[in-house]
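Hi everyone, thanks for making time for this. I'd like to walk you through one model, so let me put it up on the screen.

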Amino acid sequence: MAAKYKPLIKRSSGSAFQLILSPSNAKEAKAKVLLSPERKEISLEEQKKKMAAAEERRKSREFEMLKHFAEVREHEKEVLQKVVEERNTFSKTTQENLAQKMEAYKENRGAQMAALSEKFKARVSSCCHSNVCVFTDVRT
């Protein structure tokens with residue numbers, strides 16, 4: 001390569017130059033620019049091998065995706081089954097607790113009614129013996 005230089009405006013600190021690089025031979029420079037890299041010729045068999053390998057990669061990737069989706073669906077089924085079981089368990093325990101509370105309520109209510117009945121009978125019998133029937137508050 002040959003170098004050309006062109007003097008610029010001189011400054012007080014020194015001289016300044018603009019350096020222009022150009023090839024030594026202009027034809028050689030154009031030839032290098034126009035030539036593209038050589039391509040290797042690929043045979044039909046090599047192309048088929050590459051296509052088959054690409055098809056295998058695609059099938060493998062598709063199989064992995066289907067496998068992953070199947071695992072996700074299986075996990076969703078397990079989660080839904082667990083939710084249903086928990087809901088059923090909660091429902092059963094809630095019904096059992098409610099039944100126990102209702103039974104306790106019935107027993108307490110029956111005991112209260114029996115106590116009131118006994119009080120009422122006691123007052124009625126005491127009232128009939130004294131020939132005075134004045135009913136006051138039954139709850140006292």
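Let's begin with contacts along the chain. Taking contacts with a separation of 6 or more, what share comes from residues 24 or more positions apart? The share is 0%. Burial tells a related story: the chain has 140 residues, and 2% of them count as buried. As for the surface, the chain exposes about 13800 Å², with carbon and sulfur atoms supplying 58% of that area.

Please keep in mind that this is a predicted model. The mean pLDDT of the chain is 81, and 64% of the residues reach 70 or more. Where pLDDT is low, predicted coordinates should not be read in detail.

On to secondary structure. The chain has two strands and two helices, and the order along the sequence is β-β-α-α.

Now for some side chains, and I'll start with the charged ones. Side chains of opposite charge can pair when their charged atoms come close. How many salt bridges do we count here? The count is two. In one of them, the side chains of Glu55 and Arg58 meet, with an N to O distance of 2.3 Å. These two sit three residues apart in helix α2, so about one helical turn separates them. The other bridge joins Glu62 to Arg58, and their closest N and O atoms are 3.0 Å apart. Here the spacing is four residues in helix α2, so again the separation is about one helical turn.

Are its members buried, exposed or partly exposed? Glu55 is partly exposed, at a relative accessible area of 32%. Arg58 is partly exposed too, at 38%, and Glu62 is partly exposed at 40%.

One last stop, on the nonpolar side. Which residues form a nonpolar patch on the surface? They are Met65, Leu66 and Phe69, and together they have about 310 Å² of accessible area. Met65 is found in helix α2, the helix that also holds Glu62 and Arg58. With a relative accessible area of 46%, Met65 is partly exposed; a patch residue needs over 30%, so Met65 clears that cut-off.

That's my tour, and I'm happy to go back to any part of it.

Terms used: Residues numbered from 1 in each chain as written. Predicted model: local features only at pLDDT ≥ 70, side-chain atom pairs only at ≥ 80, totals over all residues. Heavy atoms only, no water. pLDDT = per-residue confidence, 0-100. Buried < 20%, exposed > 50% of the residue type's maximum accessible area, 1.4 Å probe, protein only. Contact = heavy atoms within 4.5 Å. Areas by Shrake-Rupley, 256 points an atom, 1.4 Å probe, with all protein chains shown as cover. Patch = residues over 30% accessible without salt bridge, like charges linked within 9 Å, V, L, I, M, F, W, Y side chains within 5 Å. Salt bridge = Lys/Arg side-chain N within 4 Å of Asp/Glu carboxyl O.
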